[in-house]
Amino acid sequence: MKAIEICEQPVLSFRRTVQITANGVRYRLFRSMVTVGVVAVAVAFLMNILSESLIRRAIARRAAGRIADLRLAATWVARLTDAGSIEEILPEVPSDAARQAAAYLRFFGGLDYARRRALLRGAAGPEAFDALQEPAALERFRAGLATMRSVRLPAPLADFEGFLRAWPTLKAEVAAIRAKRAEAIAAVAAKLDGRSLIEALTDAEGAFGDVVRSAGFALDAATARRVAEQARRTRDARLVEKSVGTPEMRQAVAGYLDLLPNDVNARVLWGLLRHHRGAAWYLARQEAAQGDAAGLAAGRLVELASAEDEARSLARAERMAVASGGFTGCGERMDWLLLASMLVCVVGISNSMLMSVTERFREIATLKCLGALDGFIMLMFVLEAAFLGAVGGIVGALLGTLLGFARMFMPYGSLVTASFPLGETALMIAVSSALGVLLAAIASVYPSLKAARLAPMEAMRIQ
Amino acid sequence: MIVRGFLAWPSIHSSNHPPIPAWKACDTLEAPGRRVIIRTIDLKKHYVIRNVLTEALRGVDVAIYTGEFISVMGPSGSGKSTFFNMIGGLDSPTSGRVFIDEVDVAQLTAIELAFLRCRKIGYIFQEYNLIQYMTALENVTTPMAFGGVAPDEARRRGMELLGTVGLGDRWFHRPIEMSGGQQQRVAIARSMANRPSVLLCDEPTANLDLHTGREILDILRRLNDERGVTIICATHDHRMMDICDRLMWIRDGRIERIARRDEVHVEVGSIAGETA
């Protein structure tokens, strides 16, 4: 026997493998499209959920700030009407006890009803501190707390008892502030001269501002300007809404919009006023009928309408649950749905690749007869799947984002464009596309193994 | 197939002398300077299909020499294909040994087997088995790529091989754009890609008409003459007897007879207009 001159087969370069794979994919474009479609649908679903969740969060973030801003006038109206509760005043008291009180209130507020009942006999808010002044109640509180292992006071019990001793003083302090504030409110109310507060606040930059300041409220010039502007807007909006109240006006608007007079309401009116033409028409009618809104300009009506629109979508955004738990922030049911869709995707790709392998038995066997290594065959199929996964992933991610954007744009309109989370969405698109590749690669492992294990003698078989 | 029914069937039973034993048949070609390229020793292959033992090969001893053109004949189910798989390094025997170029195939690892299939043996299939999405040239150069030949060199050699089989101007065509005979010629070029010592042909002319089959056989004969490549050809085609050096009949998993061409009385018929 002569020495074996057989050496090891060289491994085909990655570039060449990719070339051969790409060639094959191009040839089997239709089957490839099926795989791509499966991946695209699954990834689009995921991306749609993710992008909606991202957009929703961004909107909610933006809405929270904007709403606080928009309600400045309303806040001032409230401040000038009511002296406020103990809880509202507590943060303004600059003492340690007040800070502690706020912390304990937060703690009691976080307890569920059964526990609060067991510990405090149902006392809510600052009443709890009053109730615990009695030694019997405190004893019961102590005993109850000892049995609840998951409930922890924010500070040691001794500190809490110390606080309880200081509570009457603190309460008196708060009451004094409250009384002073009520006095100031009365002083302001005396200067209203029969106007409503909103009407008075339209003059926040002028004389009424001075009145408020002299009563002891801190109203700086910038705030005063914004309060005045918002108050004017509210006043005008009320005027406009009131102006459609007369039967003649309703009739006219109904005729213009082709509605029943009964269906004409403030919302319909704002819809009409959103456009310049409608606003001009309405104004002309108002002037003819000497209506409430007669004094306003058409431009002002349009501005009010768009502000109304914004307020409405902000209100919707505020109501919307920001994050309802789960991985995607869309609830656990959605997570399960997503998981199921990923599974279906994996099964779909697997099936499609298996069919591809079965169809190509002879090709694979021939390649093996020509000297292809098992690794090459395996790599070829995994690469093919990964390539299809990448295409499907990118297409799906873009589609999903587009869909999510469209679905969010319907109800929230310009709020979406203004607060679109570009960076986060781009990141999520990249992640989803990568997920598509990963899913396809995972799904193709079994078919690829099957292909790689194929005996080369299959090539001899005649079909 | 009907046409073949008219052709003379060289029955071993028609000859007057008893079958030549395998070892003797081997000896008749033994000459100084001739090297055994494939040798099998008591080659057996059993399959168990649904708990039934099928003996595909029941002990085959054969030696095939370098530069030989040998035809393997036998009816369906005779063990011809199994024998082919064994000597092609595509399957491992149940017992017995196969030496290809003095190397015991059973001792090779999967990677060495791949090397063997890539460099030492060229395969030609009945249904051509070209890769559908590759051009003729890519089909021919793929084994070279597996063998580690540089792309430029592979291209040059591929064009040369396609020229040899008369398809130099159709290198950019895909299999689907070629006739059966042309596809088989590309397959022959591909099988020669890494200059193998042995060509294994599994009924290379079965799917072709008489004329095209003749062309394929001529190409094979030419390769055998000019390049000295050993050709082992499973066939039902009796024209093969015209051009091969030796004939081997397999029946029921055993070698029934091995004979030199001049020992066999072959009479190939012809039918109107066409020369077989």
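Two strands pair if DSSP finds at least two bridges between them. Strands, like helices, are themselves DSSP runs numbered from the N terminus: a helix is H or I with at least four residues, a strand is E with at least two. The model is a predicted one, in which local features need pLDDT of at least 70, side-chain atom pairs count only at pLDDT 80 or more, and totals for chains, interfaces and linings use all residues. Residues are numbered from 1 along each chain as its sequence is written, while chains are lettered from A and ligands numbered from 1 in the order in which they are written.

In chain B, strand β1 (residues 36-49) and strand β4 (residues 95-100) run antiparallel and are joined by 5 bridges. Within β4(B), F99(B) is the residue that stands opposite R39(B). Strands of a sheet pair through backbone hydrogen bonds, either parallel or antiparallel. The open sheet here has 4 strands in chain B, in the order β2-β1-β4-β5, with antiparallel pairing. Its edges are β2 (52-65) and β5 (103-104) of chain B, each of which pairs on one side only. Helix α3 (residues 80-87) of chain B lies across β1, β2 and β4 of that chain, at about 125° to β1(B); axes are lines fitted to C-alpha atoms, for helices over the stretch in contact, and angles run from 0 to 180 degrees between N-to-C directions.

In chain A, the axes of helix α15 (residues 276-289) and helix α16 (residues 298-319) come within 9 Å and cross at roughly 125°. That makes α15(A) oblique to α16(A), since angles under 35 degrees count as roughly parallel, over 145 as roughly antiparallel, 65 to 115 as roughly perpendicular and the rest as oblique. Residues making the contact include H276(A) and Y282(A) of α15(A), and L301(A) of α16(A). Two residues are in contact if their C-beta atoms, placed from the backbone, lie within 7 Å.

Further along chain A, helix α18 (residues 361-369) is mostly covered, with 8 of its 9 residues buried. A residue is buried if 20 or more other C-beta atoms lie within 10 Å of its own, exposed if 12 or fewer, and partly exposed in between. The cover includes α19 (374-412) and α22 (445-453) of chain A, and also α4 (110-120) and β6 (121-124) of chain B. After α18(A) comes G371(A), with a positive phi near 105°.

Confidence is given by pLDDT, the predictor's confidence in each residue, from 0 to 100. Chain B has a mean pLDDT of 82, but pLDDT stays under 50 over its residues 1-29.
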